[in-house]
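Student: I am new to this structure. Can we go through it by question and answer?
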Amino acid sequence: MFKEAAIAIKKAKTILVTYHFNPDGDAVGSGVAMSRALKTLGKTVICYSKDPTPFNYRFLASDGLITSELPAAGVDATIVLDASNLGRAIPADYPKEKLGFIINIDHHLTSENFGAINIIDPKAAATGMLVVKALDELGVPLNKEIATAIYTAILTDTGSFQYSNTAPDTMEMASRLLAAGVSPRAVAEKVYESVPRARLIYLGRCLERMEIAPHGLWAAVQTELKELKELGVTKDMLDGFINYPRSIAGVEVAIMYREEAENRWKVSFRSRGNVNVAQMAAHFGGGGHFNAAGGTIEAPLPEVKTKVIAAIEEELKALGLM
Ligand code: 5GP
Ligand code: MN
């Protein structure tokens, strides 16, 4: 598959590189690394993201690499990164013919084979791992800039090498990236220690009113649009809120309800151990990984909560945890 992808990439002159909406570190890091690598091969590259780059990943593309405009003329090939379906990366109203030859590179459990070539490996800790394999096949060396983008992808998708997706090959890759010039301290400072004050203040408010199930097996936080406006919090600042309910002893599933519009809630799930939240999110048309998933539910919040809690408790009972 990597060979076929490399052949297709070599043939293309104009390439669109893109990744999922509401991008995370793996999406931005993979997209930036792939785009910079393709430029070294002389390609005309458009790195597209519908949504703005979160504040803590902007250092990867301070030269204006990423655009929110899709090319009117179309391209020879499109590389879609870290997106389990095409609709999570490209707005539905963009003509599919304009994307050219689609190469899908992803590590989601619930990934769809929407590309002409599909490189899908749920064992990869991050899509960034697969990007390096593609670059190796293309013969592009990892310079410091490319390595830093890949390191950011892996660092964030493994929760700073704390999640169960952290494997020997993850650490081997980290070692290779450090040898290529990555400064772990500099990346950590950009990604984790450049937080706007408003984020921390809002996090405090959300934690204060966190809901914890009577049996303690799930805990939930919620964010509302009017509060974001009031405190000057943007949605990219909400990343990581869900890690706090999951950090409580005894909690198997953490939930975050994020208001996206009136009666439209983005629901995120995090679990530990044997609880498969990708499957749970699929009930609501979403997806993701075994221990991290999400989806969107259109209903008033009380109804959303009833549905979500029912699905979680059904799964907890099936696993004999409740
Ligand atoms: P988050 O909760 O951080 O938004 O997403 C956690 C994981 O679930 C990510 O790997 C993400 O790709 C996946 N995910 C989140 N929302 C959706 C969704 O609406 N659809 C699908 N298919 N996956 C999602
Ligand atoms: Mn990822």
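Tutor: Start with a rule: the expected span of a helix is 1.5 Å times one less than its number of residues. Helices (H or I, at least four residues) and strands (E, at least two) are DSSP runs, numbered from the N terminus. This is a predicted model, where local features need pLDDT of at least 70, side-chain atom pairs count only at pLDDT 80 or more, and totals for chains, interfaces and linings use all residues. Residues are numbered from 1 along each chain as its sequence is written, chains are lettered from A and ligands numbered from 1 in the order in which they are written, and side-chain values use heavy atoms, with hydrogens and water left out.

Student: How far apart are the end C-alpha atoms of α11?
Tutor: Helix α11 has 18 residues. At 1.5 Å a residue it should span 26 Å, and the model agrees, because its end C-alpha atoms are apart by 26 Å.

Student: Which strands does helix α11 lie across, and at what angle to β9 does it run?
Tutor: Axes are lines fitted to C-alpha atoms, for helices over the stretch in contact, and angles run from 0 to 180 degrees between N-to-C directions. Contact means heavy atoms within 4.5 Å. Helix α11 (residues 301-318) lies across β7, β8, β9, β10 and β12, and its angle to β9 is about 155 degrees.

Student: What covers the buried residues of α11?
Tutor: Buried means under 20% relative accessible area, exposed over 50%, partly exposed in between (1.4 Å probe, protein chains only). Among the buried residues of α11 are L301, V304, V308 and I312. Their cover includes β7, β8, β9, β10, α10 (277-282) and β12.

Student: Which are the edge strands of the open sheet of six strands?
Tutor: Two strands pair if DSSP finds at least two bridges between them. The order is β7-β8-β9-β10-β12-β11, with mixed pairing. Pairing on one side only marks the edges: β7 (211-212) and β11 (287-288).

Student: In which sense do β9 and β10 pair, parallel or antiparallel?
Tutor: Strands of a sheet pair through backbone hydrogen bonds, in one sense or the other. Here Y257 stands opposite V267 in β10. Residues 253-261 of β9 and 264-271 of β10 form eight bridges, and the sense is antiparallel.

Student: What is the phi of N263?
Tutor: N263 lies in the loop between β9 and β10. At 36% relative accessibility, N263 is partly exposed. N263 is a residue other than glycine, yet its phi is positive, near 60 degrees.

Student: Which residues does G294 touch?
Tutor: G294 is found in strand β12. Its relative accessible area is 15%, so G294 is buried. Leaving out residues up to four places away in sequence, G294 touches V267, S268, F269, A281, G286 and G287.

Student: Which residues are the protein donors of the manganese ion (ligand 2)?
Tutor: Donors are N, O and S atoms within 2.8 Å of the metal (3.2 Å for Na, K and Ca); water is not among the atoms, so sites may look incomplete. In sequence the spacing is D-x55-D-x24-H-x49-D. At 2.2 to 2.3 Å from the ion lie D26 (OD), D82 (OD), H107 (NE2) and D157 (OD).

Student: How many residues apart are H107 and D157?
Tutor: H107 counts as buried, because its relative accessibility is 3%. D157 is buried too, at 15%. H107 sits in the loop between β5 (101-106) and β6 (117-120), D157 in helix α4 (residues 144-157), and the pair links distant parts of the chain, 50 residues apart.

Student: What is the relative accessible area of T152?
Tutor: T152 lies in helix α4. Leaving aside neighbours within four places in sequence, T152 is in contact with G25, Y57, F59, L60, V187 and V191. T152 is buried, because its relative accessible area is 0%.

Student: Within what arc do the buried residues of α6 fall?
Tutor: In α6 (residues 184-192), V187, A188 and V191 are buried. The arc is that of the directions from the helix axis to the C-beta atoms. Seen down the axis, the buried residues of α6 line one face of the helix, because they fall within an arc of 100 degrees.
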